[in-house]
Amino acid sequence: MELSAGADALLEVIDVYGLNEDEMQSHLGYAVNLLSVTEVARALESLQALIPVTTLVVHTKYWSAAFSERAGEYAQPLNEGIVIASTRYCHGDEYTNHHYELMQNRPRRTESVEFAAALERRMGKVVRCLPGFELDVAAPTTVGLGDAFVGGFLAAVSRARP
């Protein structure tokens, strides 16, 4: 899948290009097993060829990752995006600062912890991958999760810059 003309024109002025798991697979034109280190590593490298930006960010239900020479600088923004999106998933529009604070201490998904560590070992310093939380919710909110992730990510990036 090619980028739209508008997105293509922006590649010269943007540093970070973010995608969710569905958008990633749509750009690639094939399904990716999100817990396969081999498939995800190949997908990130293929995406970089398709979308030549300084940093790619992919957020999924299992993990979120930054792929670039400066990937390590994005650990806090990735975490903030995960926390905000997970809080929204659990509490919807009614979430409070208290819910947000509690989310930060929830356990991470075991399979995601293992995956993130293995992906970083395989790809080295060009990737920073953080696992998602273990979430078991009777009535989750699924609308707006990508926006919540991006909002949390950008808020952390803005706080880190002078």
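1. Axes here are lines fitted to C-alpha atoms, for helices over the stretch in contact, and angles run from 0 to 180 degrees between N-to-C directions. The model is predicted. The crossing of H4 with H7 is right-handed.

2. Next, the residues behind that crossing. H4 brings Gln76, Pro77, Leu78, Glu80, Gly81, Ile82, Ile84, Ala85, Arg88 and Tyr89 to the contact. Facing them in H7 are Leu145, Ala148, Phe149, Gly152, Phe153, Ala156, Val157 and Arg159. By class, the contact of H4 with H7 has twelve nonpolar, three polar and three charged residues.

3. Helix H3 (residues 37-50) and helix H6 (residues 110-123) have axes that come within 10 Å and cross at roughly 55 degrees. H3 and H6 are therefore oblique to each other. Their crossing is right-handed.

4. On the H3 side, the contact uses Val37, Thr38, Val40, Ala41, Leu44 and Glu45. These meet Phe115, Ala118, Leu119, Arg122 and Met123 in H6. The contact of H3 with H6 counts eight nonpolar, one polar and two charged residues.

5. The largest pocket holds about 540 Å³ of space. It is lined by 21 residues, and those closest to its centre are Glu21, Thr60, Lys61, Tyr89 and Leu145. Two of these names return from point 2: Tyr89 in H4 and Leu145 in H7 also take part in the contact between those helices.

6. Which elements give two or more residues to the lining of the largest pocket? They are helix H2 (21-28), strand E3 (63-67), helix H4 (75-91) and helix H7 (145-160). H4 gives the most, with four residues. The lining of the largest pocket divides into nine nonpolar, eight polar and four charged residues.

7. The second largest pocket holds about 280 Å³ of space. Its lining has 13 residues, and Val16, Gly18, Val150, Phe153 and Leu154 are the closest to its centre. Phe153 is also on the H7 side of the contact with H4.

8. Strand E1 (16-20), strand E2 (55-59) and H7 are the elements that give two or more residues to the lining of the second largest pocket. H7 supplies the largest share, five residues. By class, the lining of the second largest pocket has nine nonpolar, two polar and two charged residues.

9. To close, follow H7 through the model. H7 meets H4, gives two or more residues to the lining of the largest pocket, and provides the largest share of the lining of the second largest pocket.

Methods. Residues numbered from 1 in each chain as written. Predicted model: local features only at pLDDT ≥ 70, side-chain atom pairs only at ≥ 80, totals over all residues. Heavy atoms only, no water. Parallel < 35°, antiparallel > 145°, perpendicular 65-115°, else oblique. Left-handed = near helix turned anticlockwise from the far one by under 90°. Contact = heavy atoms within 4.5 Å. Nonpolar A, V, L, I, M, F, W, Y, C, P; charged D, E, K, R; others polar. 1 Å grid on protein atoms, 1.4 Å probe; cavity = no way out; pocket = protein on both sides within 12 Å on 5 of 7 lines; lining within 4 Å. Points joined across faces, edges and corners; volume = space filled by probe spheres on them.
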